[in-house]
Amino acid sequence: SAAPRRGGRHAMASDVDAIWASLKATSAPSQHAARAKALLRDATLGVSSDSKKSTHSDRAAAGKAEGCRALLSRVSVTKSSTGDTHTESTANTVEGSEAGGPKQPKDAVQATTATGDARGDELPNASSSNENADDEKQLAIDSAVPAIESADSLKKKVARDVNVLSDLQSPPTSRVLALRRIQNVATQVDPRFLTQVAVDCFAKPALRRLEDKSERVREGAIDLFVVVVQQCQRDEGGCGVVEILPYAVPALRHRLGPVGGDTDDKNENRQRPAREKEKVTRLDPTEPSEEIRLKLLTAFINTLRAASTSGSGNAIAAYASDLVSALTYAADDSFSEVVCEACVGLGFLTQTLGRRLAPVAKKLAWTFAPNLTHKKSKVRVATLDALRQLMHCGAHETILDLCAFKHPNLVPIKAFYGEDLKVNYFGKLVLDTVPQVRFAFIQTLGDWMTSLVERVDHEPRLLPYVVSAVADGDTKVSTYALELIEKLGAQYEMEHEKDLKPVMTYMPEFLEGVSLHNTHVKPLYPAPFLERPRLGARVLVKNNFPAVVNPILAEIGGWQAEARVRAAKLLRANLVFLEENATQHCQQLCVAFVKVMSAVSGDTHHQTNANANANSQNDSARQRASDVVPVIGECCRLIGAFVTPNEWLEVALGMCGDETESPSKAGALVVIAELCGGASIDAMEKTPETGASPIDKILSLLQSPAIYDSSDTAVRVAVCRVVEILLRARPETWGRKDRVARLVGAALRAARGDSPKNDSSEARAFGAALAAAATALRCTPPDVVSTVRSELLNPLAVLPPKAWRVSDASALAQIVSARGVFSKDQTSVSIRLCSLVEFSRVFGNKTADATDSGNVDTNRHVRFIHQTLVSFPFVRTTNIAERLSDEDVVLLVRTALQAVSDETRADKPTKETEKSSSSSALAAITEALDGNISSTAAVFHVTGEITARVVSVWKTA
């Protein structure tokens, strides 16, 4: 029985080889040929493995081989029905191998073919490895397409794969492969033939598969549709894209809409973006896959774009409502890429239709506006690009909603029944953390303000954002904003040429190459300003400044540090454009500046006098204020440069009166100094017909006892800061020796004898003032007092005895203690003033006992000043240029003896007191009786007086 089995096996193998050889010789390898090869291989392997089995198994294997041959026969018959070449010879070969078996009807053959295809998707996966299956798929996809000579040939070529797509019972893999084969054909075929059958053979089957349950099938269908549209677009003489639109638009719109309804009906409740926190209910999308939704929307837009490029503009208008519905729903998609593509579609729609989009322009603007606050920056940028074009189509009124405009004379009815909240999208965009978004926003504003038909109506609401962008931290944004304002200024000059003609004619910007603008102002310009803004830009900002000045000042006085700094920078940019037009706003600006400076001064006062816990609580408040102080200082200097000094000085001096609180007084002093830092020397020295010059007014203020002798530390520190700012900012104005002396004298009185080496606020401020004075006098800080010693002593010499204060005595102590050589006149004046302080009882009883007053530190400081004065530190051979006169020697000895006598008569003298003052006074007498300083006659004259005073003290003790 083995021989027949062996012979049967060889006979079957020869038949299979013959069948496969004939198929391979007559046709190119196709998907069915590859599957037949796999089936035949499985059959051959099955027969060889059953050589040791029973006869029943051999018969089963033979029956399986017969089934394979029948399948090959059906494949051959199907190929003949599709019009392949050499089909007839193949069919004859199969019939010969079957030995005249019965033939099937044509319908039965097609049905059997479909069933065989379905099984063919499953059998390779069940009987062969994954590698073979991948090879078969790759072979089926990459197979070369024979040359197609006509549209009928193309239709027959894809007919079978189209049938596969309509078979929903087949596995998804079959439909995916069929779509890829059709796409392969569409890619390589002549566009002229494809256009003729694009609707029936390509577009419709692909669009039907958009409803497929398999995501891979839907993705393949949209990829095929995109290729078909691209190929149709290549056919210049045809109109295939337009013919596809009636079938493609409804299908794409349905897939891009919500589940179970149209986008128009489901978005009726999406109104103006006035309430950002109120979320609109959103239905689930019909297409669940985000990537496929993106491809669908892209295909929808590109299809309409292809139709528009073919010269069918009316076709776009006919399907505009469908695209609007799809974009309306896509604008609220959870996938950011879909939202960006929706913005691209909106841009295409506005470019194509223009003003014809006006009926739905506002609705589209309100729909896309919430995306201006999207969490992803690329969505915000894309939305800005879309809205930029949409405003030219009749949606310009939505600018009022985007900037949260409220009419001052109208109250909405809605406000009577609830909250009428509005979101300022522009305010959020100008403060966006991403520079690219801010740049796109300024570009959008520039497009609206230069090319929008209604730009004049919206100019007052948009210009503040452009000016604010000039102060942006990003160089690219600020530079572009400044260029935009210059462009707007040129546009304003052209539109108002008659109004500006007198100014441009009789007040030119430049005269013989020399700018009429003050040359000292240019260094005050902040970045990105490099030169004076043009006339049109200055007038444009000036006209809109009254509407924004109050909100800016209110923001500067707010509690948010970042908002305060941004508002201050915005004000600084406006002042550059305002120039002398800031005069009318000078009073409210100065008041606001004083409030800011007072906050810093008040914090300084508390840090000096409060306990450690209070200091830690005030650190944050002081830090917030200190962030905005430098910008406010620049604003003050700009006002000082553009406005006449008498205008702002009158306001500032009025806030330094006795009725003003100390923090406000300190803030006003600093504001005056900053204002003077921008004023020119000619303006400050100009003397009006009545009254003194601004310089004399300021020096008189600083030398007023109510200022330098204030009990508030903040005011005294402010005096030292004023001296520092004036000498550093404008040395050409305040650097004259007499003016420096008056400023240093005010600082000496305000410091009250504190050494710059101390860590107190007065000492630090005084040290900074001395450093500024040293720079102006071109000397070292320790030599400042000696350089202007005569100028410092002269005001004290004319001071009445009853007008002396502790601050005057402290200034005298620092003057006589300064290093350097004293002239004869300086020595005589110093001895007389020290004697005057001792005998006029300037210090009262504070030098006697530290317990006489509650403020122990103040009494100790007073005793230190007294000790310095009665020690006459300048009476040394190295410090005096000439001998003392006899009168000066007698006055010195009497003053020193009086100090010793006063301390001896004290009720509760302490060893520290006796050691400090008495020892210093006696040391001064010893120095004065030196032969190199005093004459012999003067020594004999005071010897008797010294003896009598010693005996009197001995008897009292």
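# A walk through a predicted, mostly helical model

Val185 lies in helix H8, which spans residues 172-188. The model is a predicted one. Val185 has a relative accessibility of 6% and counts as buried, because the limit for that label is under 20%. Its C-alpha atom is 7.9 Å from that of Val158, although 27 residues separate Val185 and Val158 in sequence.

The overall make-up gives the setting for this residue. The protein has 45 helices and two strands. Of its 957 residues, 48% are buried. Among contacts with a sequence separation of 6 or more, 73% join residues 24 or more positions apart.

The nonpolar interior comes next. In soluble globular proteins, nonpolar side chains tend to be buried together. Here the largest nonpolar core holds 260 residues, and Phe202 and Trp648 have the most contacts inside it. Leaving out residues up to four places away in sequence, Trp648 touches Cys586, Cys590, Ile639, Gly640 and Val643, and also Ile672, Leu675, Cys676, Ala679 and Met684.

Ile695 belongs to helix H32, residues 694-702. Its relative accessible area is 1%, so Ile695 is buried. The C-alpha atoms of Ile695 and Ala683 are 9.5 Å apart, and the two residues are twelve positions apart along the chain.

Cys635 is in no disulfide, and the nearest cysteine sulfur, which belongs to Cys636, is 6.9 Å away. That distance can be set against the cut-off for a disulfide, which is a pair of sulfur atoms within 2.5 Å. Cys635 is buried, with a relative accessible area of 0%. Cys393 is buried too, at a relative accessible area of 2%.

Helix H15, residues 320-330, is mostly covered, with ten of its eleven residues buried. The buried residues of H15 are Ala320, Asp322, Leu323, Val324, Ser325, Ala326, Leu327, Thr328, Tyr329 and Ala330.

Two helix pairs show how helices are placed against each other. The axes of helix H10 (residues 215-234) and helix H13 (residues 290-309) come within 10 Å and cross at roughly 15°. H10 and H13 are therefore roughly parallel to each other, because angles under 35 degrees are counted that way. H10 passes H13 in a left-handed crossing. On the H10 side the residues that meet H13 are Glu215, Arg218, Glu219, Ile222, Asp223, Phe225, Val226, Val229 and Gln233. Their partners in H13 are Ile292, Lys295, Leu296, Ala299, Thr303, Ala306 and Thr309. An α-helix has 3.6 residues a turn, so residues three or four places apart point the same way.

The second pair is formed by helix H40 (residues 806-817) and helix H41 (residues 824-839), whose axes come within 11 Å and cross at roughly 145°. The crossing of H40 and H41 is left-handed. Ala809, Leu812 and Val816 of H40 make the contact with Ser830, Leu833, Cys834 and Val837 of H41.

The loops hold some backbone exceptions. Most residues other than glycine have a negative phi, and most peptide bonds are trans. The peptide bond from Ala527 to Pro528 is cis, with omega near 10°. Pro528 sits in the loop between strand E2 (514-515) and helix H25 (535-556).

Two residues other than glycine have a positive phi: Ala404, with a value near 55°, and Phe872, with a value near 45°. Ala404 is in the loop between helix H19 (399-402) and helix H20 (425-430), whereas Phe872 is in the loop between helix H42 (856-870) and helix H43 (886-904). Phe872 has a relative accessibility of 1% and counts as buried.

Methods. Residues are numbered from 1 along each chain as its sequence is written. This is a predicted model: local features need pLDDT of at least 70, side-chain atom pairs count only at pLDDT 80 or more; totals for chains, interfaces and linings use all residues. Side-chain values use heavy atoms; hydrogens and water are left out. Buried means under 20% relative accessible area, exposed over 50%, partly exposed in between (1.4 Å probe, protein chains only). A nonpolar core is a set of buried Ala, Val, Leu, Ile, Met, Phe, Trp, Tyr and Cys residues joined through side-chain atoms within 4.5 Å. Contact means heavy atoms within 4.5 Å. Axes are lines fitted to C-alpha atoms, for helices over the stretch in contact, and angles run from 0 to 180 degrees between N-to-C directions. Helices (H or I, at least four residues) and strands (E, at least two) are DSSP runs, numbered from the N terminus. Angles under 35 degrees count as roughly parallel, over 145 as roughly antiparallel, 65 to 115 as roughly perpendicular and the rest as oblique. A crossing is left-handed if the near helix is turned anticlockwise from the far one by less than a right angle, and right-handed if clockwise.
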